[in-house]
Amino acid sequence: MNDQLTNREARDAIAKEYEWGFSSDIEQEFAPKGLDEDTVRFISAKKGEPEWMLDWRLKAFHAWLEMEEVDWAKLDIPAINYQDAYYYAAPKKKEALKSLDEVDPEILRVYEKLGIPIEEQKVLAGVEGARKVAVDAVFDSVSVATTFREELKAAGVIFLSISEAIREYPELIRKYLGSVVPQRDNYFACLNSAVFSDGTFVLVPEGVRCPMELSTYFRINAENTGQFERTLIVAEKGSYVSYLEGCTAPMRDENQLHAAVVEIYAHEDAEVKYSTVQNWYPGDAEGKGGIFNFVTKRALCAGARSKVSWTQVETGSAITWKYPSCILKGESSVGEFYSVALTNNRQQADTGTKMVHIGANSRSTIVSKGISAGRSDNTYRGLVRVLPGAENVRNFTQCDSLLLGSECGAHTVPYIEVRNPTATIEHEATTSKISEDQLFYAMARGLDAESAVALIVNGFAREVLKQLPMEFAVEAQKLLGISLEGSVG
Amino acid sequence: MLKIENLHATVAGKAILNGLTLTVPAGEIHAIMGPNGAGKSTLAYVLGGRPGYEVTEGSVTFDGRDLFAMEPHERAAAGMFLGFQYPVEIPGVSYLQFLRESLNSQKRAKGDAEFSGAEFIKLAKTQAATLGMDAEMLKRPVNVGFSGGEKKRAEMVQMGIMDPKLAILDETDSGLDIDALKAVGHGINEIMRAPEKSVLLITHYQRLLDYVRPDRVHVLSRGKIVRSGGPELAMELEREGYAEVAA
């Protein structure tokens with residue numbers, strides 16, 4: 001009893017300290033283990049957030065306490081102990097490595113295959129002192145990043161961390177944060193709303209075509225934002241932006257649970273293209289130690305003729321639970337979802353999209369390519385909903401599954417709810433195996449078994465891969481091959 | 001070039017080849033003819049190294065090397081080309097991509113310099129022209145939506161690009177109209193008629209031999225070579241039928 005009181009007092013004291021003044025020297029780099037109101041206060045204080053932001057988080061936290069984890073997905077999720085995790089800047093338990101020699105040779109081999117430069121490899125592997133060097137090597141010094149920033153600024157594009165945005169553009173954040181994904185949307189989105197650590201804010205002003213592909217890569221301060229990342233993209237009237245997220249290199253992370261939220265708000269005639277390559281650590285061959293990736297991504301096509309296109313290549317994580325969606329509210333708005341989800345060994349993926357047609361003449365396209373190998377399970381789950389007022393809606397869905405071996409599973413779960421008779425909905429689905437004929441044919445021309453599988457799989461995924469920006473597409477192609485290594489034979 | 005001795009092979013436990021012996025020297029084109037079920041395609045697959053075709057006895061050397069010690073892709077890199085009776089579709093992969101990756105994979109295996117994109121496209125165009133094929137076709141996915149004749153022509157374009165030492169052509173003439181047959185015959189002569197190259201032409205009918213003149217003709221029956229002779233043997237087969245000749 002006595003101990004508990006002491007703990008609580010201590011926590012209160014910590015929380016109070018931050019209430020008093022954010023600029024004071026904060027020595028402690030992480031919140032204590034566990035999740036309660038104080039953790040939320042700690043994070044908010046740590047970020048130097050204004051009162052309204054803290055209130056927003058707390059509201060989410062209390063809502064979360066009353067919610068339950070989702071269990072409708074075809075996933076076997078081990079019980080997660082939310083009190084046994086760090087929610088802010090979790091200490092990196094692994095020590096910085098002295099050199100690449102100390103890195104798991106298996107990982108180095110993958111880096112090599114991906115063609116990642118040595119300096120960049122050091123950063124990814126966490127070699128001591130590598131970051132600055134790598135930033136210099138990869139991006140040709142900070143000045144390049146600065147140049148990018150200046151170019152964006154000249155165009156009027158706002159692109160910065162969400163923490164900075166909360167301080168610098170409070171009105172915009174208050175207006176848009178949670179406007180697409182409400183706090184109570186689902187368990188993990190709600191958790192994210194309470195404890196998000198950092199993320200990105202983008203605003204493209206009216207009529208502006210963003211002069212470059214925006215990538216989290218170019219944001220130097222993107223460290224340690226992986227766990228509860230929050231991204232908010234606003235495209236004003238007639239603007240365009242292409243946003244890239246992720247990294248093809250296998251990223252290890254001490255945090256097992258990742259629950260990100262991405263919100264996109266597209267005004268009249270605006271277009272947003274959002275591309276992801278996700279390759280979080282999938283765990284070992286038995287699935288031990290992999291990341292749980294529970295992500296909520298949604299776009300609101302609010303304005304007439306607005307368009308949002310999601311493209312994802314998902315090869316990592318032990319468990320993926322992810323449905324990038326479009327609310328097609330604007331008249332003649334357009335939603336697209338292009339997905340490649342590859343699972344191997346013991347990986348599980350339940351992924352797909354929701355296209356909710358509210359506006360008249362709105363259109364959506366869904367192309368999903370699932371590849372299952374090893375003893376993995378891969379589910380496409382997609383909803384196409386047409387509301388009564390939505391006249392002349394069109395949807396085209398194509399869902400293809402490719403199986404390698406006989407121990408994996410592929411499942412397609414389409415939900416189609418049409419409440420307007422003028423809608424045209426098409427759904428095509430196929431399931432196939434890589435045939436021995438194909439493999440032998442390719443091998444007889446000189447490809448070894450793994451290269452042959454990689455080639456056939458890339459052909460299968462081509463429709464989606466060609467949606468990716470050029471360099472991303474090349475890396476993604478290699479990634480598919482590497483992710484399937486050992487699955488042949 | 002190719003030396004087959006006392007080859008026995010089974011498919012799904014069933015004996016198909018029963019002591020086949022055959023030698024194809026460099027610079028020669030040999031035709032293997034035989035009725036349906038004689039083991040013609042099995043011979044092609046065994047030489048190509050297809051899984052499921054089990055060698056139970058005998059040996060094959062290719063260019064002095066033990067063929068069965070090599071994986072299918074290693075046989076390709078060593079200079080063997082297998083022309084398929086039923087070329088396989090690979091959706092989403094263009095001929096150009098497929099052939100360039102295959103060829104460069106062979107080059108890497110041999111320690112040779114790889115082809116650049118531009119070099120490769122030039123080579124592919126030249127070979128397509130030799131076979132009278134529109135090079136634009138090579139941008140299409142491998143064999144997808146191709147007619148039987150187009151697929152066989154494309155096989156010959158592939159052979160031209162790979163420039164093998166030994167080509168094993170499994171019923172390359174089946175399903176071809178007369179124009180395609182001429183083109184394929186012309187292709188085989190252009191690409192493979194050379195002192196350091198050999199061809200094993202597996203066929204059911206004599207008609208391809210009007211365009212490609214074989215140095216030797218062998219009759220395969222019940223998994224064995226039952227007769228060998230010069231080009232005139234093909235004519236005899238055409239006249240008399242297999243039952244008579246192979247009896």
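## Terms and basis of the model

Two strands are said to pair if DSSP finds at least two bridges between them, and helices (H or I, at least four residues) and strands (E, at least two) are DSSP runs numbered from the N terminus. This is a predicted model, in which local features need pLDDT of at least 70 and side-chain atom pairs count only at pLDDT 80 or more, while totals for chains, interfaces and linings use all residues. Residues are numbered from 1 along each chain as its sequence is written, and chains are lettered from A and ligands numbered from 1 in the order in which they are written.

The secondary structure of chain A comes to 13 helices and 19 strands. Buried residues (20 or more other C-beta atoms within 10 Å of their own, against 12 or fewer for exposed residues and a count in between for partly exposed ones, with C-beta atoms placed from the backbone) make up 50% of the 489 residues in chain A. Residues are in contact if their C-beta atoms, placed from the backbone, lie within 7 Å; among the contacts in chain A between residues at least 6 apart in sequence, 82% join residues at least 24 apart.

Chain A holds an open sheet of 8 strands with parallel pairing, in the order S3-S5-S8-S10-S13-S15-S17-S19. Strand S3 (214-215) and strand S19 (424-433) of chain A stand at the edges with a single partner strand each, so one side of each is left without a neighbour in the sheet. Within this sheet, strand S10 (residues 307-314) and strand S13 (residues 334-343) of chain A pair in the parallel sense over 8 bridges, and A:Ser309 stands opposite A:Glu336 in S13(A). H12(A) packs on the sheet, where it touches S10, S13, strand S15 (363-372) and strand S17 (394-403) of chain A, and its direction makes about 155° with that of S15(A); such angles run from 0 to 180 degrees between N-to-C directions, with axes as lines fitted to C-alpha atoms, for helices over the stretch in contact.

A nonpolar core is a set of buried Ala, Val, Leu, Ile, Met, Phe, Trp, Tyr and Cys residues joined through C-beta atoms within 7 Å. The largest such core has 190 residues, of which A:Val202, A:Ile264, A:Ala266, A:Val272 and A:Val457 touch the most other members. Helix H12 (residues 449-465) of chain A gives the most to this core, with 10 residues. Leaving aside residues up to four places away in sequence, A:Ala266 has among its contacts A:Ala235, A:Val272, A:Leu300, A:Cys301 and A:Val308.

Chain A is divided into domain 1 (2-84) and domain 2 (103-192 + 199-434), with bounds that come from an automatic or database domain assignment. The contact between them takes 20 residues from domain 1 and 19 residues from domain 2 of chain A. By class, the side of domain 1 that touches domain 2 has 12 nonpolar, 1 polar and 7 charged residues, where Ala, Val, Leu, Ile, Met, Phe, Trp, Tyr, Cys and Pro count as nonpolar, Asp, Glu, Lys and Arg as charged, and the others, Gly among them, as polar.

## A:Ala473 in helix H13

A:Ala473 is found in helix H13 (residues 470-483) of chain A and is partly exposed, with 18 other C-beta atoms within 10 Å. Not counting residues up to four places away in sequence, A:Ala473 touches A:Leu465, A:Lys466 and A:Leu468. A:Ala473 and A:Val277 are 196 residues apart in sequence, and their C-alpha atoms are 9.4 Å apart in space.

## Chain B: sheet and hairpin

An open sheet of 6 strands in chain B has mixed pairing and the order S6-S9-S10-S3-S11-S12. Its edges are strand S6 (80-83) and strand S12 (224-229), each with a single partner strand, so one side of each is left without a neighbour in the sheet. The twist averages 20° from one strand to the next. Strand S11 (residues 216-221) of chain B pairs with S12(B) in the antiparallel sense over 5 bridges, and B:Val217 stands opposite B:Gly229 in S12(B).

Strand S1 (residues 2-11) and strand S2 (residues 14-24) of chain B run antiparallel and are joined by 8 bridges, with B:Ala15 in S2(B) as the bridge partner of B:Thr10. S1(B) and S2(B) form a hairpin with 2 residues between them, and B:Ala12 in the turn has a positive phi of about 50°.

## Contact between chain B and chain A

The contact takes 21 residues from chain B and 17 residues from chain A. Helix H2 (72-77), strand S7 (90-94) and helix H3 (95-110) of chain B each supply at least two residues of the side that touches chain A, and H3(B) gives the most to that side, with 6 residues.

Technical notes: Contact = placed C-beta atoms within 7 Å.
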